[in-house]
Amino acid sequence: MSFSDRRLEGVAITGIGLSCALGDGAQQVWRGIRAGESGIARTQRLDVSALSCQYAGEVSAVPAAHPRLRGRTDRATSLALTAADEAVAAARLPEDGIDPYRMGVAVGTSVGGLDRGERFHWELLRGGPEAPRADLLFHYPLYTSADALSVAFQFKGPKVVISNACAAGSNSIGFAADAIREGRADVMIAGGVDVLDILSLAGFDSLNALDPEPCAPYSRSTGLNLGEGAAILVLESESFARRRGADILSHVLGYALTSDAYHATAPDPAGAGAGRAMRAGLAQAGLGPAQVDYVNGHGTGTPTNDSAETKAVDALFQGLRAAPMSSTKSQVGHMLGAAGAMEAATCVMALRDGVLPPTVNVDEGASTGRDIVPNRSRPQELNVVVSNSFAFGGNNCSLVLGRGPAEPPRGAAHRVVITGAGPVTSIGSGRQVFLDALRAGRSGVGPARRTDLSRSRSSLAAEVDTADCRRHVDRAYARRLDQIGLLTLAASRLALDDAGLRITKAESERIGMVFGTFSGPVETVEALSETIGTQGPDRVNPRLFPNSVMNAAAGHACLALQLRGPLSTLATGCAAGLSGLGYAADLIRRGEADVMLAVSADELTPLLHYGFDRVGLLAQDSPRPYSADPTGAVLGAGSTALVVESLEHALARGATILAEVKGHALTGDGYRVAGNDPSGTAWAESFRRALADAGMPSSAVGTVFGDARGSAAIDRAEASAVAQVWAPGTVRLTNLSPFTGHVPSTSALMAAVCATETLRTGWSPEPPTAPDVLDGVGAYLDHREPGGGRAVVLTAANWGGTYASLVLAPWDADAETAEAA
């Protein structure tokens, strides 16, 4: 009925590229690691004189441009391109003969181009006759590096940006491995990139987390040093790598994500979440602790991390001889979103050469009680290693890598259904309230009343009543939350209530969350940047800083709701919410969780609105999607949570099933950074691949929920993409932006809520038709043709050419019973 076994592809690693404080190039970095060298030195590029720590792991020279792209690039993008160049060359990937839609990109990052965003904000604060340079904003979003990699190498397959703070690099490698194992890609370039920025340094300093000297993880444990750089790996399906005769360096055998649900910054002191991540990663690989030869620890050097992690590792090896454990951060610093990828690359080279990497700065006269490979590397045959990454918000990720392949994995194929929805929108909160407002044709677009938009030319917005959000959040907990945290928790509670799901301690480890956001906690980052710019980096509020990371809202929600299952945060711009729904569905399909919350949230702040206005993307009047003469988008705020679970779990608890998730796909157009291919070819490909994943023909679809927003590039590309897949009059096209505004990453999940009603009744919102509608689009906007009883396609597009599509279908209990009989 709902479960079968299928053989999954093995995943090989065939190339590595590194740029960090130990140098540029994998071999140079590996020589430094083996020699016990440290790249941590006095900080040169940034003024840290007011902070307690003067040390960091800096990259000495970063090019301002790259030959694969036109124009200047930001620091993070340059580092990512340099590392990817090396990795792709080392893998000897052929330049042609591979379907570009079978080659993808997964990047982990915590701050991305934040240094450019800080400059934009500081220029705005200083005022004067010169407005902030608009080009700074094109390099600020976290997804810029991933877009640049897609363009530079013409990889048009799955593209994702993961921002689980310090676990992002590891999670990106796990996501890429999933894309290959699930048959969605043959090749993925995956890893992480982050740069030193004053906000991160000041924030960690405010928490008293920095070591005034070069750090000493697992020994002195008096704090961390931040680092920067990029680490990129080339992952391939084993069959593809062997067919082309690639030199296989090692294999991804498994990985796992968990949530501590303990504290906003501190790890669970018992290391329970970390331990579950290691055990689950090994179980996915079909291995046990006795087969682990080495653990590359998270090893930040802070007393809380080192204590919790060593307890988790001790528990893993209870009754066994513990494997050696060391910390690469002692040599390169904590590279935040790139850390897990850097450490995974170190593990690959350790497996290849049979060498244990050291932990440096260890006082060998003081015993630590465990083998942390002090100060010098040493030879040892290695077959299986575990690489750990743990992060703010209780995000844990453990990768399992092997010198040889594991037994070809088998994966569960659970069916995935949606059983609850919690929209928080400008036209009301809660599923029924939201649907009633849409049926009445109500719009939340109007002059802003709660947000100061006096700096922008446009005063229009679609605002959310945060007082209404607070009704759904415990009063004591609401005080800890910023705007995006409040939106996220309110939507999550509404969705759980709608699904009738009560989370018990016994089930909490099988319930997780995937969170998507466009720009994350802009309100908090603005406040911190303003403090740094006007008062100094030593004046940062330690209560604000933990909320500045992209995954903070998800961490708060998991803590409040006590979710301990898989936890991930996606930051692929406007495609993040729908991508997150697909990722959540995959985790359930494979049996990694029974229930997942797929959540997306976006703030509306004066700075964000001004930034969009500054680059000419905002409308002066009501949004006109699919217009031949579009005037721009109207930004909105909001959040939506969907309860996604396995069909078995839903049926066992008697849940009402709103829809079944049948398939999904991600593509990139490789057109240009911050631009979209007007032909819509890659967007159409995302439709086709989602339908293929669902096992459906295009004729099975009755309605497409589009992502047009009144932007010429996006609207024309979408219209072209739809026409390439469906003939006029064969499918209805609808859009929520005239009602809710453009809520960047969240509009697609709001559409999913509406789609559950379309599947049930055939109704869908009929957006106001512009008098100058794009040629050929009018037939798709005609809602006289009934759409009920047929599948629905949801889609989302990000500036920079990322496209997500997902297929929902009705679930008919009577038909299921008849089929089973």
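The model is a predicted one. In it, 26 helices and 30 strands are found, and the C-alpha atoms fill a box of roughly 80 × 75 × 55 Å along the principal axes. Of the 821 residues in the protein, 68% are buried. Contacts between residues at least 6 apart in sequence join, in 80% of cases, residues at least 24 apart.

Strand β6 gives a view of the interior. This strand, residues 103-108, is largely enclosed by the rest of the structure, because six of its six residues are buried. In general, side chains in a regular strand alternate between the two faces of the sheet. In β6 both faces are covered: Met103, Val105 and Val107 are buried on one side, and Gly104, Ala106 and Gly108 are buried on the other. Which strands pair with β6? Strand β8, residues 187-194, runs parallel to β6 and is joined to it by six bridges; within β8, Val187 is the bridge partner of Met103. Strand β7, residues 159-162, also pairs with β6 in the parallel sense, over four bridges, and here Lys159 of β7 stands opposite Val105.

Leaving aside neighbours within four places in sequence, Leu235 is in contact with Val11, Ala12, Ile13, Ile173, Ala176, Ala177, Ile180, Asp186, Val187, Met188 and Val252. Leu235 also belongs to the largest nonpolar core, which has 249 residues; Leu235, Trp726 and Leu794 are the members with the most contacts inside that core. Another core lies apart from the largest one and has 21 residues, among them Tyr218, Leu253, Ala274 and Val313.

A pair of aromatic rings is described by the distance of the centres and the angle of the planes. The structure holds 10 aromatic pairs. One of them is formed by Phe153 and Phe155, a tilted pair with 6.1 Å centre to centre and 55 degrees between the planes. Both of these residues, Phe153 and Phe155, are buried. In a further pair, the rings of Phe204 and Phe392 have centres 5.6 Å apart and planes at 40 degrees, and the pair is therefore tilted. What parts of the chain does this pair link? Phe204 lies in helix α7 (residues 198-206), whereas Phe392 lies in the loop between β15 (384-391) and β16 (395-402), so that the pair links distant parts of the chain, 188 residues apart. The relative accessibility of Phe204 is 6%, so this residue counts as buried. For Phe392 the relative accessible area is 11%, and Phe392 is therefore buried as well.

Helix α7 also contains Ser200. With a relative accessibility of 5%, Ser200 counts as buried. Its side chain makes a polar contact of 2.7 Å with the side chain of Asp197. Beyond neighbours within four places in sequence, Ser200 is in contact with Val111, Leu226, Leu336 and Phe545.

Tyr143, Phe518, Phe612 and Trp799 are linked into a cluster by ring pairs.

Two asparagines complete the tour. Asn361 has a positive phi of about 70 degrees although it is not a glycine, and Asn375 likewise has a positive phi of about 70 degrees without being a glycine. Asn361 is placed in the loop between β13 (355-356) and β14 (378-379), and Asn375 is placed in the loop between β13 and β14. Are these asparagines buried or partly exposed? Asn361 has a relative accessible area of 30% and is therefore partly exposed. Asn375, with a relative accessible area of 16%, is buried, because the limit for a buried residue is under 20%.

Technical notes. Residues are numbered from 1 along each chain as its sequence is written. Side-chain values use heavy atoms; hydrogens and water are left out. Rings of Phe, Tyr and Trp (its six-membered ring) pair if their centres lie within 6.5 Å; planes under 30 degrees apart count as stacked, over 60 as edge-to-face and the rest as tilted. Buried means under 20% relative accessible area, exposed over 50%, partly exposed in between (1.4 Å probe, protein chains only). A polar contact is a pair of N or O atoms within 3.5 Å; within protein, one must be able to donate a hydrogen and the other to accept it, and residues adjacent in sequence count only if both atoms are side-chain atoms. Contact means heavy atoms within 4.5 Å. Two strands pair if DSSP finds at least two bridges between them. A nonpolar core is a set of buried Ala, Val, Leu, Ile, Met, Phe, Trp, Tyr and Cys residues joined through side-chain atoms within 4.5 Å.
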